[in-house]
Amino acid sequence: MVVINPNNPTGSVLPLEHMWGIIRFAYKHRITIIADEVYQHNVYFGNKFISFRKAVNTIEAPYNNVSVISMNSISKGFTGECGIRGGYMDFYNIDSDVMKQIHKIRDACSVNVAGSIAMGVLCDPPTIENSSKETAEQYAKEKSTILSLIEQKAKMTMEVFNQCKNIKCKPIAGALYAFPRVLLPNSVIKAARESGQEPCEYFCKAMLEETGIVTVPGCGFGQEPGTYHFRVSLLIWNLEEFAKVLETMKNFINKYFETHK
């Protein structure tokens, strides 16, 4: 079972009680949990990230024997070094015979030097003890600035979408995305079906053609049947540019639902 936490696309962050529920389910059905935790630094508004390894360590026996494979990457989070491919997998409570096969795969793969160095810095960042005071302070400042900026954009996004007609946006607790629900009228759903498209895809295409803004239809993420969503990223760096994009989207959405009632 793959669990993405903090979550792409919803922006949710799992509380410990929910994680324990997943662990109990995994134990009952003999399922290994693959924990995609690449957004673990991206948590906002007082929310806290808890790793699945820690959750397994804090649950009672026999559930603390559940197998967990945790993953992290330099390509996401606050670094966003998508051009430097680097990451790790942490194996916990994994059968020794399985680990032998994992080691074979690892030994057959070549690891790029730049990605390994970048991942090392992420896992063991500069401190006064292992680096200079200037370097440690600069690293902490840049990290804080980036995460603060993303948090601002998350707040802006929620505020704008909650001003839009037929849009419901859940709180963005973490990661780099919003996943608003769009309440489409029957006329739009019918037109989408007749054109051979999913309704959310039909809506996203209309937004693209009208505004030039690319969003991802919720049907690509296994949304709940009968609901329609679209994913928006928070990756535009400049706040003024990001605000303009949000305003353009709001104007399109409100105009769209004036026409399609």
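The buried residues of helix α7 are Pro-199, Cys-200, Phe-203, Cys-204, Ala-206 and Met-207, where buried means under 20% relative accessible area, exposed over 50% and partly exposed in between, with a 1.4 Å probe and protein chains only. Seen down the axis of α7, these buried residues fall within an arc of 155°, so they line one face of the helix; the arc is that of the directions from the helix axis to the C-beta atoms. This is a predicted model, in which local features need pLDDT of at least 70, side-chain atom pairs count only at pLDDT 80 or more, and totals for chains, interfaces and linings use all residues. Residues are numbered from 1 along each chain as its sequence is written, and side-chain values use heavy atoms, with hydrogens and water left out.

**Overall architecture**

- The protein contains 8 helices and 9 strands; helices (H or I, at least four residues) and strands (E, at least two) are DSSP runs, numbered from the N terminus.
- The C-alpha trace of the protein spans about 60 × 50 × 35 Å along its principal axes.
- Of the 261 residues in the protein, 39% are buried.
- Among contacts with a separation of 6 or more, 67% are between residues 24 or more positions apart; contact means heavy atoms within 4.5 Å.
- The accessible surface of the protein comes to about 14,600 Å², and carbon and sulfur atoms account for 54% of that surface. Accessible areas come from the Shrake-Rupley method with a 1.4 Å probe, and for residues only the protein chains shown count as cover.
- The protein carries 28 positive and 26 negative side chains, and the centres of the two sets lie 5 Å apart. Lys and Arg count as positive and Asp and Glu as negative, while His and the chain ends are not counted; the place of a charge is taken as NZ of Lys, CZ of Arg, CG of Asp or CD of Glu.

**Helices α7 and α8**

- Helix α7 covers residues 199–211, and its 13 residues reach 18 Å from the first C-alpha to the last, close to the 18 Å expected at 1.5 Å a residue. The expected span of a helix is 1.5 Å times one less than its number of residues.
- The buried residues of α7 pack against β7 (181–182), α6 (186–194), β8 (216–217), β9 (230–233) and α8 (239–259).
- Just after α7, Gly-212 takes a positive phi of about 80°.
- The 21 residues of α8 should span 30 Å at 1.5 Å a residue, and the 30 Å between the end C-alpha atoms of α8 agrees with this.
- Buried positions in α8 are Phe-242, Leu-246, Met-249, Lys-250, Phe-252, Ile-253, Asn-254, Tyr-256 and Phe-257.
- The buried residues of α8 pack against α5 (133–161), β5 (167–168), β7, α6, α7 and β9.

**Backbone geometry in loops**

- Most residues other than glycine have a negative phi, and most peptide bonds are trans.
- The peptide bond from Asn-8 to Pro-9 is cis, with omega near 25°; Pro-9 belongs to the loop between β1 (2–4) and α1 (16–28).
- A cis peptide bond also joins Ala-61 to Pro-62, with omega near 5°, and Pro-62 is in the loop between α2 and β3 (68–73).
- Arg-30 is not a glycine, although its phi is positive at about 55°. Arg-30 occupies the loop between α1 and β2 and is exposed, with a relative accessible area of 80%.
- Phe-45, a residue other than glycine, has a positive phi near 55°. Phe-45 is in the loop between β2 and α2 and is partly exposed, at 40% relative accessible area.

**Selected positions**

- Gln-40 lies in the loop between β2 (33–36) and α2 (52–58). Leaving aside neighbours within four places in sequence, Gln-40 is in contact with Pro-6, Phe-49, Asn-72 and Tyr-88.
- Gly-11, in the loop between β1 and α1, is buried, with a relative accessible area of 0%. Not counting residues up to four places away in sequence, Gly-11 touches Pro-171, Ile-172, Ala-173, Gly-174 and Tyr-177.
- Gly-120 lies in helix α4 (residues 113–123) and counts as partly exposed at 34% relative accessibility. Gly-120 and Gly-87 are 33 residues apart in sequence and 9.3 Å apart in space, C-alpha to C-alpha.
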